[in-house]
Amino acid sequence: MTSTYALTLEQGTLDVTVEQSGDRGHTFLFLHGGGGPQTVLPFAELLAEQRPARVFTPYHPGFGGTERPDWLTDVQTLAQVYAHLLDTLDLRDVAVVGNSIGGWIAAELAALGSDRISSVTIVNAVGIRVDGHPIAETFGLTPIELSRLSFHDPAKFRFDPGALDDGQRAVLAANRAALEVYAGANDMADPTLSERLAKIDHPTLVAWGASDQVVDADYGRAYAQAIPGAEFRLLAGTGHMPQVETPEQFLPVVWDFAEAHATHRPHN
């Protein structure tokens, strides 16, 4: 089910498009990465099919053919948008899951301290700087080159841009443009993020595909170390997007952590 919600922040107003999968059980907010909502929507459907879960997957404004207001230019503000979304929908006991730049957004959302959140799972995220473990420069790569960095077995995820129609190409170009805006001047990182990670008090799992060459496993370990009490879990045989490459392996990891830290308030 697709819905659009009008939100008002101090900076201005905007519409946020949200896909909902499932209608009962534990509530999840799943935040996609730079590949767009299609990198998480099949997993959201799988989670809702295999577990008592309802999964809300917002399109980051500017992705998937949606509009991005001029004032929305950074991840911190986008996290504020999602805090307002949780308020607007009156969601509670929310397990937040974010992949790649979505993991960065999830971390910023957790740092805001919302009592609507029961747990946070950060998956192959970007956003911090780790000496000796740089974030790969991906904007200039071909799809084949990006797949080699992103997947444990890139041969299974071949992508032919020539098969896209004009509308699909336009959406991909807009996704890329939005990602470049949110990535900011520091190439997918914010030098001040580590200070905010230290303030997170939600139960947090940092899950990492061991074969990721966009952000390697030691980068992931540093992410976990920056968050008080965070757990780190290495996922074998998968890369930058476990929800795409190994969804059946990834699903119990996400579900078990969320359930272990659920507050079990009444679900809406």
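Start with how open a residue is: buried means under 20% relative accessible area, exposed means over 50%, and partly exposed is in between (1.4 Å probe, protein chains only). Lysine 156, for instance, has a relative accessible area of 65%, so this residue is exposed. What you're looking at is a predicted model, where local features need pLDDT of at least 70 and side-chain atom pairs count only at pLDDT 80 or more, while totals for chains, interfaces and linings use all residues. Residues are numbered from 1 along each chain as its sequence is written, and side-chain values use heavy atoms, with hydrogens and water left out.

**Aromatic pairs**

- Rings of Phe, Tyr and Trp (its six-membered ring) pair if their centres lie within 6.5 Å; planes under 30 degrees apart are stacked, over 60 edge-to-face, and the rest tilted.
- Searching the whole structure turns up seven aromatic pairs.
- Take phenylalanine 30 and phenylalanine 43: their ring centres are 5.7 Å apart and their planes sit at 70 degrees, so this pair is edge-to-face.
- That pair links distant parts of the chain, with phenylalanine 30 in strand S3 (residues 26-31) and phenylalanine 43 in helix H1 (residues 41-50), 13 residues apart. Helices (H or I, at least four residues) and strands (E, at least two) are DSSP runs, numbered from the N terminus.
- Both phenylalanine 30 and phenylalanine 43 are buried.
- Phenylalanine 151 and phenylalanine 157 are stacked instead, at 4.3 Å centre to centre with 10 degrees between the planes. Phenylalanine 151 has 9% relative accessibility, so it counts as buried.
- Ring pairs also join Phe30, Phe43 and Phe250 into a cluster.

**Salt bridges**

- A salt bridge here is a side-chain nitrogen of Lys or Arg within 4 Å of a carboxyl oxygen of Asp or Glu, and the structure holds nine of them.
- One of them joins the side chains of aspartate 87 and arginine 116, at 2.6 Å from N to O. This pair bridges distant parts of the chain: aspartate 87 is in helix H2 (residues 75-89), and arginine 116 is in the loop between helix H3 (101-111) and strand S6 (117-123), 29 residues apart.
- Is aspartate 87 buried or partly exposed? At 44% relative accessibility, aspartate 87 is partly exposed, whereas arginine 116, with a relative accessible area of 11%, is buried.
- Asp87 and Arg116 also belong to a network of salt bridges, together with Asp90 and Arg92.
- Lysine 156, the exposed residue from the opening, meets aspartate 153 in a salt bridge at 3.9 Å, N to O. Aspartate 153 is partly exposed, because its relative accessible area is 27%.
- Arginine 169 and aspartate 166 form a salt bridge too, at 3.3 Å from N to O. They are three residues apart in helix H5 (residues 166-183), so about one helical turn separates them.

**Nonpolar cores**

- A nonpolar core is a set of buried Ala, Val, Leu, Ile, Met, Phe, Trp, Tyr and Cys residues joined through side-chain atoms within 4.5 Å.
- The largest one has 55 residues, and those with the most contacts inside it are Leu29, Val81, Tyr82, Tyr219 and Tyr223. Helix H2 gives the most to this core, with nine residues.
- Contact means heavy atoms within 4.5 Å. Leaving out residues up to four places away in sequence, tyrosine 219 touches several residues, among them Ala125, Ile128, His133 and Trp208.
- A second, separate core has 22 residues, including Phe43, Ala207, Phe250 and Trp255.
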